[in-house]
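Here is a short briefing to read alongside the model on your screen. Take a moment to look it over, and then we can walk through it topic by topic.

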2 protein chains.
Amino acid sequence: MIKFIKDLKFILLNSNNKARAGIIETEHSKFETPVFMPVGTQGAVKAIEHRELLDLDTKIILGNTYHLYLRPGIDLIRRFGGLHKFISWNQSILTDSGGYQIFSLSDLNKISKDGVHFKSHIDGSKHFFTPENVIDIQRYLGSDIMMVLDECVPYPAIYDYARKSQELTTEWAIKCKNQFLRTSNIYSHSQAIFGIVQGSVYSDLRKRSAYELIEIGFDGYAIGGLSVGEPKNLMYEMTSICTEILPDDKPRYLMGVGTPEDILEGIELGIDMFDCVIPTRNGRNAMLFTKKGTLSIKNSIFKDDESPIDIDCNCYTCKTFSRAYIRHLFTVKEILAYQLATIHNLYFYHWLTRKARQEIISNSFKEWKNNIINQIKTKITNKGE
Amino acid sequence: MIKFIKDLKFILLNSNNKARAGIIETEHSKFETPVFMPVGTQGAVKAIEHRELLDLDTKIILGNTYHLYLRPGIDLIRRFGGLHKFISWNQSILTDSGGYQIFSLSDLNKISKDGVHFKSHIDGSKHFFTPENVIDIQRYLGSDIMMVLDECVPYPAIYDYARKSQELTTEWAIKCKNQFLRTSNIYSHSQAIFGIVQGSVYSDLRKRSAYELIEIGFDGYAIGGLSVGEPKNLMYEMTSICTEILPDDKPRYLMGVGTPEDILEGIELGIDMFDCVIPTRNGRNAMLFTKKGTLSIKNSIFKDDESPIDIDCNCYTCKTFSRAYIRHLFTVKEILAYQLATIHNLYFYHWLTRKARQEIISNSFKEWKNNIINQIKTKITNKGE
């Protein structure tokens, strides 16, 4: 066992008001922030090949502890020398702790101070996740960035429940940190650990959560429990409260967010990292993002549209195919439809965060954002537009 | 309208007994034979991108007149300047006439001397295909190689039905040829036309069909109505009867065939062109082909197998991923599983025909074939094998 724990490298290059441009470096990759991290729940980003992700300049993807623990199982991944080797991905991986999935996917989850009992959504088998064993599992996975176990409360939640849950999340964060310190990386690369701010939509709970996590000390801080159905203004308000408190010298990660609009708002509020299934899932559902707005490619208006999804886009899909052909592929349910939509949407999401970064560096983020945000929210309903 | 009809270029380089190595050239591509043509029924080869097909050195794919006529419709494809432009594929395309699909997919097909009435398998709408209009449709599609309308009889069929059907197929072939001569290519490239030998498993009907088609005169000759359930020896016997008669200076195409074994047998009997959904469809069903045999990757024996599908294979899938990971992807139903399996299986099929060609050129085909055919039929049930 190699004992080699070090802090995650994070360099803050420029701030434009609260918006930040930085660099994160793990032992697998160095990437610029703000960054969008494609979601590879089960060890694969849906409908796209690893080499295509590399083409898009993806330097970090997400893996999901809950799913990978159930299938293919941690023993197998351990035998392969960790998740990077098992899935043949040599860039960075962040794994979430499984907290969110336990509460959203599994049956009969029963929570206690020690952890959470749950039944697999696949076969009903019983399992128990604790703050300690999710760290152990993530040690075996060998992710570059591990997450603490948290309780993700649904929206709406009464104050008293949110308060108790936030307290529990802090207790679990302490236990996770202690387990992190007691253990070492199993493979030859080091691993960082992020805390997760909870507290529902209650500003005092969010503040308390943030302060308590800072006190414990993490390599980075995530904001969890948002984008779960609350109004957008509350999501932005909670994010803002957290980023006001969180230390400048650590990365900040807004979990599970979001639409292009949400990402721009998050960046403005000082968020560095994002993940979301929207570009991949919506892509497979024929919703495509462009600089000029979103288009539902199944719309019959695009039936004979010879233009690409986005005339200004340099992705393989836009450089090669017409809207009419992609619409046809969706109509006849060709897998190629999902592949081409995924390539385009991820390309767009990466473009969005990179462009935001350039604007932050040239101190023009806010003007650019205000300009583009109404465009990207538009629904495109005309040919060639 | 550009009037520019010329023969398909076919050069026979070497024969090794009946097996042939040649070159076919259309105005879109030049390709070596024997050739395997991936099936792009609806204008896309399932689960693989065009650029990936080009990487595999695919120079010709199939399109399906029946499917494309129904969706997206011929008007749309015409407006785009033909199928090549609509699907953004700049190599060759062969379109089948739709005969096979009418009889296998559509409801209530009613056949007459003039053509066949059928109901769409999608919406029940009524249509009528004639020898003349399938040529017109393929003119609009702009395929490099068009096929005549034929009746594909099921197996088994009584002699009298097979005889009448063969006679009808010849009549239709005459009508198709006449329509071909009466019309011109609509786009700037020329189009060739192939006849289709029918006659079920009756050698006298097969012979008669072949002689009649040669009399009409085509740019190439296909053998249809095989691999429809008849015993393998009958398929090989019928193929042999046809290739004995068909002219040496024209390509021969065994339609819808087949397994790697069938392809090798077909090559030995003098076939130049093959198409089949087996590599793509079976790939999506977790059946993978290798030089040492086939493997059902879902088999639990491969659960922790670190070796690639085929250690001797240079495809992206084998160069990058383990059997264990690919098995996991199939288990959790990731689209990536279908993508990786398709890449590998098509790579293998292309390898098979190219290797066969090398052996034909060095006059060692038969020895090589006898050697490899038992290997490729084997079922691999051991790790790392």
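By what turn and what shift along the axis can chain B be laid on chain A? The answer is a turn of 180° with a shift of 0.0 Å, which gives an RMSD of 0.0 Å; copies are superposed by least squares on the C-alpha atoms of residues with pLDDT of at least 70 in both. That is the relation of a two-fold axis.

Please keep in mind that this is a predicted model: local features need pLDDT of at least 70 and side-chain atom pairs count only at pLDDT 80 or more, while totals for chains, interfaces and linings use all residues. Residues are numbered from 1 along each chain as its sequence is written, and chains are lettered from A and ligands numbered from 1 in the order in which they are written.

**Where the chains meet**

- B:Ile335 is the residue of chain B that comes closest to the rotation axis, at 4.0 Å (C-alpha).

**The open sheet of chain A**

- Three strands of chain A form an open sheet in the order β1-β2-β3, with antiparallel pairing; two strands pair if DSSP finds at least two bridges between them.
- The edge strands of chain A are β1 (9–16) and β3 (30–33), each pairing on one side only.
- Between β2 (residues 19–25) and β3 of chain A there are four bridges, and A:Ile24 has A:Phe31 as its bridge partner in β3(A).

**The nonpolar core**

- A:Phe194 and B:Phe194 have the most contacts inside the largest nonpolar core, which has 222 residues.
- Such a core is a set of buried Ala, Val, Leu, Ile, Met, Phe, Trp, Tyr and Cys residues joined through C-beta atoms within 7 Å, and buried means that 20 or more other C-beta atoms lie within 10 Å of a residue's own.

Technical notes: Buried ≥ 20, exposed ≤ 12 C-beta atoms within 10 Å, placed from the backbone. Helix = DSSP H or I, 4+ residues; strand = E, 2+ residues; numbered from the N terminus.
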